[in-house]
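Hi everyone, thanks for coming. Today I'd like to walk you through one protein, step by step, so please have a look at it before I start.

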Amino acid sequence: MESNIIQKPDGKLGVLIVGLNGAISTTFLAGIYAVKKGFAKPIGSLTQMGTIRIGKRSDNNFPLIKDFVPLASLDDLVFGGWEIRDESCYEAAKYAKVLNETDLNNAAEELKSLKPMKGVFDQNYVKRLTGTYVKEGKTKYELMMKIRDDIKSFKELHSLDRVVVIWAASTETFIPVSEVHKTKEAFIEGMKNNHPDISPSMLYAYAAVAEGAPYINGSPSLSVDAPAIVDFANEMDVPVAGKDFKTGQTLVKTVIAPMLKARLLGLSGWFSTNILGNRDGEVLDDPGSFKTKEESKLSVIDSILQPDLYPDLYDNYYHKVRINYYPPRGDNKEGWDNIDIFGWLGYPMELKINFLCRDSILAAPIVLDLILFADLAKRSNMKGIQEWMSLFFKSPMHSPDVVPEHDLFIQMMKLKNTLRKLMNESPITHLDTNGVAHRIEDFECYD
Ligand SMILES: NC(=O)c1ccc[n+]([C@@H]2O[C@H](COP(=O)([O-])OP(=O)(O)OC[C@H]3O[C@@H](n4cnc5c(N)ncnc54)[C@H](O)[C@@H]3O)[C@@H](O)[C@H]2O)c1
């Protein structure tokens with residue numbers, strides 16, 4: 001962050017969604033149109049409904065976040081994106097069966113007018129899908145350049161001032177970081193030579209950064225987290241964020257695990273299982289895509305519980321995550337968590353959590369918040385990985401010299417203090433200034 005002078009959100013903000021016709025994207029879009037028409041409230045959206053405390057506790061000053069920081073207005077968003085099937089958003093939303101007929105009809109006109117651009121797709125990376133509406137090119141480099149052309153034309157066509165690109169497309173097969181991801185030179189060479197470790201999501205990410213557009217990765221795929229693309233984002237002054245929207249089971253995990261640690265309760269096992277029947281569930285039924293998701297879901301508890309610091313409590317727990325594709329459930333995922341814990345003198349106890357959620361309903365407001373915050377970051381001269389947006393991700397991107405922050409409430413504090421800092425307000429530390437006032441005279445802080 002070089003300066004906290006923030007460029008105003010004047011003009012139109014283009015939002016390009018990869019996977020425009022997916023369950024999350026269509027639910028998000030229908031919701032935006034409903035909110036704009038006054039049919040619904042933006043429930044779940046921090047940027048639209050959240051508040052932020054400014055100043056001392058006694059000041060009683062809690063503005064809405066959207067009144068405190070200069071965010072783009074919903075009226076200034078212009079949508080577009082890519083898909084691998086030639087359907088309108090309306091047909092796709094009907095297929096997803098997330099929304100009822102009334103909600104679909106309320107947004108029908110706008111959804112019907114949204115037609116995707118041809119995507120860059122390769123079935124080797126998403127085994128369970130077939131692309132029938134895809135770009136052609138001899139090399140990955142050529143395909144990446146075509147995505148860049150799309151971004152440029154979209155900007156020109158709609159006279160946009162700024163563009164944000166968000167990946168809400170399917171999870172790709174697991175690809176660990178390898179030499180080709182490490183430097184920009186190797187990555188460019190790799191694109192030209194069709195290196196198998198370069199997946200379509202990396203091409204979108206690279207193209208967005210090259211066009212100066214912030215890029216958000218809502219899936220667990222490596223994508224923009226390839227070190228070469230992060231370096232490129234820093235070089236181009238472009239903010240990037242990811243990975244994997246934190247919506248259901250992991251959201252709950254990142255609240256329960258800090259609770260156990262706060263009370264020094266031990267953990268002997270955590271078994272998490274899910275059933276879901278949407279297209280995402282079908283894609284994750286492939287072992288390669290599941291491995292990508294599993295890595296993302298598994299990392300969370302270890303990093304919160306810090307077994308190395310608390311070996312007596314967390315050294316030896318068994319952690320298992322299952323996702324089962326079960327078509328009758330559609331988008332209405334059911335998650336079970338069985339948590340075996342122990343307390344004073346090692347006596348065992350159990351926690352059971354059964355979350356009957358709706359995947360896309362939980363994800364849609366996050367999509368909105370990420371778009372608006374990524375645009376804010378760009379206008380605030382922030383670049384590279386935006387760790388303050390960790391709140392929204394299962395597997396937050398972070399620089400190699402730090403561990404990721406998973407605890408939901410620390411993530412929230414990071415986010416709000418970043419907003420305060422951007423607006424030249426003091427961060428809130430929650431220090432008890434009454435109790436230790438004589439020790440902290442030199443600090444400016446609020447309790
Ligand atoms: N719903 C949640 O709670 C949640 C939480 C975390 C992460 N995610 C991730 O978000 C992503 C989207 O989820 P969803 O439920 O909307 O899935 P979905 O299957 O309904 O939608 C994904 C869309 O992406 C399209 N697509 C796939 N590859 C593409 C490519 N290369 N270019 C353009 N389009 C492409 C597919 O055709 C599909 O329409 C998935 O990766 C999922 O794992 C979802």
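Let's begin at the ligand. The shell around the ligand takes at least three residues from each of two domains, domain 1 (13-245 + 360-422) and domain 2 (249-356). Those domain bounds come from an automatic or database domain assignment.

Before going on, a word about what we're looking at. This is a predicted model, where local features need pLDDT of at least 70 and side-chain atom pairs count only at pLDDT 80 or more, while totals for chains, interfaces and linings use all residues. Residues are numbered from 1 along each chain as its sequence is written.

Back to the ligand. Which residues come nearest to the ligand? Of the 35 residues around the ligand, they are Gly19, Gly22, Gly119, Ser219 and Arg279. A residue counts as near if its C-beta atom, placed from the backbone, lies within 6 Å of the molecule or strand in question. By class, the shell has 17 nonpolar, 12 polar and 6 charged residues. In this scheme Ala, Val, Leu, Ile, Met, Phe, Trp, Tyr, Cys and Pro are nonpolar, Asp, Glu, Lys and Arg are charged, and the others, Gly among them, are polar.

Which elements supply the shell? Helix H1 (23-36), strand E2 (77-83), helix H12 (279-284) and helix H15 (359-379) each give at least two residues. The largest share, 4 residues, comes from H15. Helices (H or I, at least four residues) and strands (E, at least two) are DSSP runs, numbered from the N terminus.

Now the two domains themselves. The protein is divided into domain 1 (13-245 + 360-422) and domain 2 (249-356). Their contact takes 26 residues from domain 1 and 27 residues from domain 2, where two residues are in contact if their C-beta atoms, placed from the backbone, lie within 7 Å. The side of domain 1 that touches domain 2 has 11 nonpolar, 7 polar and 8 charged residues. Taken over C-alpha atoms, the centres of domain 1 and domain 2 are 26 Å apart.

Next, some helix packing. Helix H9 (residues 200-210) and helix H10 (residues 227-235) pack at an angle of about 15°, with their axes 9 Å apart. The axes are lines fitted to C-alpha atoms, for helices over the stretch in contact, and angles run from 0 to 180 degrees between N-to-C directions. That makes H9 roughly parallel to H10. Angles under 35 degrees count as roughly parallel, over 145 as roughly antiparallel, 65 to 115 as roughly perpendicular and the rest as oblique. In the contact, Met202, Ala205, Tyr206 and Val209 of H9 meet Ile229, Phe232 and Ala233 of H10. This contact has 7 nonpolar, no polar and no charged residues.

H9 also packs with helix H7 (residues 140-157), here at an angle of about 50° and with the axes 9 Å apart. H7 and H9 are therefore oblique to each other. Among the residues that meet are Leu143, Met144 and Ile147 in H7 and Leu203, Tyr204 and Tyr206 in H9. The contact of H7 with H9 has 10 nonpolar, no polar and 2 charged residues.

Over in another pair, helix H11 (residues 249-262) and helix H13 (residues 287-305) pack at an angle of about 20°, with their axes 9 Å apart. That makes H11 roughly parallel to H13.

Let me finish with two backbone details. Most residues other than glycine have a negative phi, and most peptide bonds are trans. Where is Ser159 found? Ser159 is in the loop between H7 and strand E4 (162-167), and Ser159 has a positive phi of about 50° although it is not a glycine. Then there is the peptide bond from Gly242 to Lys243, which is cis, with omega near -10°. Lys243 has its place in the loop between strand E6 (239-241) and H11.
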